[in-house]
Amino acid sequence: MDNILLLIEAPFLSVQAILDGIIIGALFSLAAYGMALVWGVMRIINIAQGEFVILGGYVAYFLYEAGIHPMFGIPVAGVVLFVVGYGLYKVVIYRVVDKDLFISLLATFGLSILIQQLMNIMFGADVQIAEAGFGTSFMFDYNVTIPHIRIVTFIVSAFLGALLVIYIKRSRLGQAIRATAQNARAARVMGIDTDHVYAMTFSLNAAICGATGALVAMTFAIHPYIGLPYTIRSFMIVIMAGLGNLPGVIAAGTGIGVAEQFADYIFGAEFRMAFIFLLLVAFLVWRGRMLARKREVLK
Amino acid sequence: MSTTSTGNTGSTNPLLYIVILAFGIAAPFVMPAYIQQVSFLWIFILFALTWDLQGGQMGYNSFGNIVFFGTGMYVSASTQVALYFDLGAWNESGGENTFIHATDEYFIGLAAGLVLSGIVAAALAAFLGSGILGLRGQYFAICTLGLSVAAGEIAAGIDLIGAGSGMSTPVWPDAADSVIERGTFFYILCFMLAVATFIACKYLYSGRFGMVLNAIRDDEDKAEAMGIHTTRYKALSWTISAFFLGISGAIMGNIIGFIDPVDVAFTGATFGVWMVLMAILGGKGTLWGPVLGAAIFHIMQELFWTYFLGWQRVALGLLIILIVVFLPQGILGSLREHFPEWFGHRLEPVAVEDEK
């Protein structure tokens, strides 16, 4: 409980936590938006989401190693992951698209393990950072630090998110994606090549994750085994917000980001993962209870 | 839905039981070098059977059954130590040198640990089940996945049980070697536990309980409307699984001799997924499917470890995808589809109009 007192006595810590939380939340929201896309259109919960993020992070990291500024990693990772996503769709995902939900869940779980282990073998298990070198600002007498890369990250994620929303709303493919999400069969009858739509949706999601990952590699750090928490956060954001609810996604993402930062102060950083996963369990159980209550009322 | 009856409709050839029992009894004499591998085989069969109790029979696909395994492991090890020594001091020293269990202390502690681990794991399942089993479908699956990771992270943060650096189990007393060897002793435990699990499953599936589970899988709302208290049955099924898993964890901890929170106890990425995979490989929703799947998977897994060293986990990831994509019905499920008469399903002769 000392930690809570500390937070009250030193309000700067709260400011820091909220600022960090909002920036992290923007990143989570971006990955969650991709997950919601795949879930809504293809009825697949992609457990490999986090691995796509980390893979994108490695793309940025290798650009950085090669002497190129990692900011270029954002579009490059997007393109690379788009190709990876398309390949995975053609090899694995299209076989499980219309199967039982658990089958696709398990298939993407297998993909997640596969990618994780391949990254471990090829890139090593070390923690890597792509240094953007933007410097740091301080507020309140050096009590609150803001690395500039975090501000950049926030702006870039907001920009990418907006771009994506406009693309889904306006473009021909975006319309096809939304039509397929509403009713795949009717879309097929209307002449939409749903298989192509599925492939594009899955690749688009991978590309979003790749761009997110490049930002993660610059803002935080990556290593092969850190993917699953990103999957779980995305999942949590999607079920909190509901499918296709963009303001909800942003709110839930920011909320989880801030909650995590405060949990770090209160329980200690070593319990961060446990906190995320227990939050998921608690939220799901609470949600189940609420749904059950609704059902009783309907009776 | 295709015909997925419990799989115990046809009578099993008694020869099969005799062969398996004979193998189980003869294994420590015939291949003493592989005794640990065969012990693991029995535990794997138990994994698959207990997973299938929810996943196959009840339609609740859990990624979190490993929680009970790990809990059992820690409960047993802590009991064995705490009965005679100070648990905190034991873990600080890494369980070395100064703390040696006498022969009788070791076996009394082990017995107490085995019993307690089963009971605590079952109680945990009953507690968790009341909340989590209210979830449906993919929400249940992901919730249990979160639970399994969280459990490992929490265990890694508790200093009393060794935190992230793990905990060692009591050392086998050398004096006992004159009566029975360590490997053989734990082999017998594993074998007996697996047989007990199989008998329990067979008994449960042959009665009302199995029917209720299948009714929940086929249509839970309808089952509820028929007056079945589904939540109670779901929790009971999880509790039974947890009981056996807890004991298996206790044995496993003592076989391996060292408990790491993430790599040995709460191994979501290995045992946690394998139990799902084994049941699916053999054919979920059948009695013999998990047994067959566990046996085949165990052999494959050992081969991977021998021939693809370093790449074994990649190979396993690939294996998951291959099984799920190409064999979602499992071996027994596919066989049943192609040769239904082998499983006691009678085919009605249908007039074939056009023969080619």
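**A tour of chains A and B**

The model is predicted, with local features requiring pLDDT of at least 70 and side-chain atom pairs pLDDT 80 or more, while totals for chains, interfaces and linings use all residues. Residues are numbered from 1 along each chain as its sequence is written, and chains are lettered from A and ligands numbered from 1 in the order in which they are written.

The crossing of helix 10 of chain A with helix 11 of chain A is right-handed (near helix turned clockwise from the far one by less than a right angle; left-handed if anticlockwise). Helices (H or I, at least four residues) and strands (E, at least two) are DSSP runs, numbered from the N terminus.

Next, display the side chains at this packing. Helix 10 of chain A contributes Arg233(A), Met236(A), Ile237(A), Met240(A) and Ala241(A), and helix 11 of chain A contributes Gly248(A), Val249(A), Ala252(A), Gly253(A) and Ile256(A). Contact requires C-beta atoms, placed from the backbone, within 7 Å. Seven of these residues are nonpolar, two polar and one charged (nonpolar: Ala, Val, Leu, Ile, Met, Phe, Trp, Tyr, Cys and Pro; charged: Asp, Glu, Lys and Arg; polar: the others, Gly among them).

Move to Arg43(A), in the loop between helix 2 (11–42) and helix 3 (49–65) of chain A. Arg43(A) has a positive phi of about 55 degrees although it is not a glycine. With 15 other C-beta atoms within 10 Å, Arg43(A) is partly exposed (buried: 20 or more; exposed: 12 or fewer; partly exposed: in between).

Now select chain B, which holds 15 helices and two strands. Its C-alpha atoms fill a box of roughly 80 × 45 × 40 Å along the principal axes. Of the 356 residues in chain B, 49% are buried.

Finally, show the contact between the chains, which takes 31 residues from chain B and 34 residues from chain A. On the chain B side, helix 5 (103–132), helix 6 (137–155), helix 12 (271–282) and helix 14 (312–326) each supply at least two residues. Helix 6 of chain B gives the most, with 12 residues. The chain B side divides into 21 nonpolar, eight polar and two charged residues.

Note on methods
Contact = placed C-beta atoms within 7 Å.
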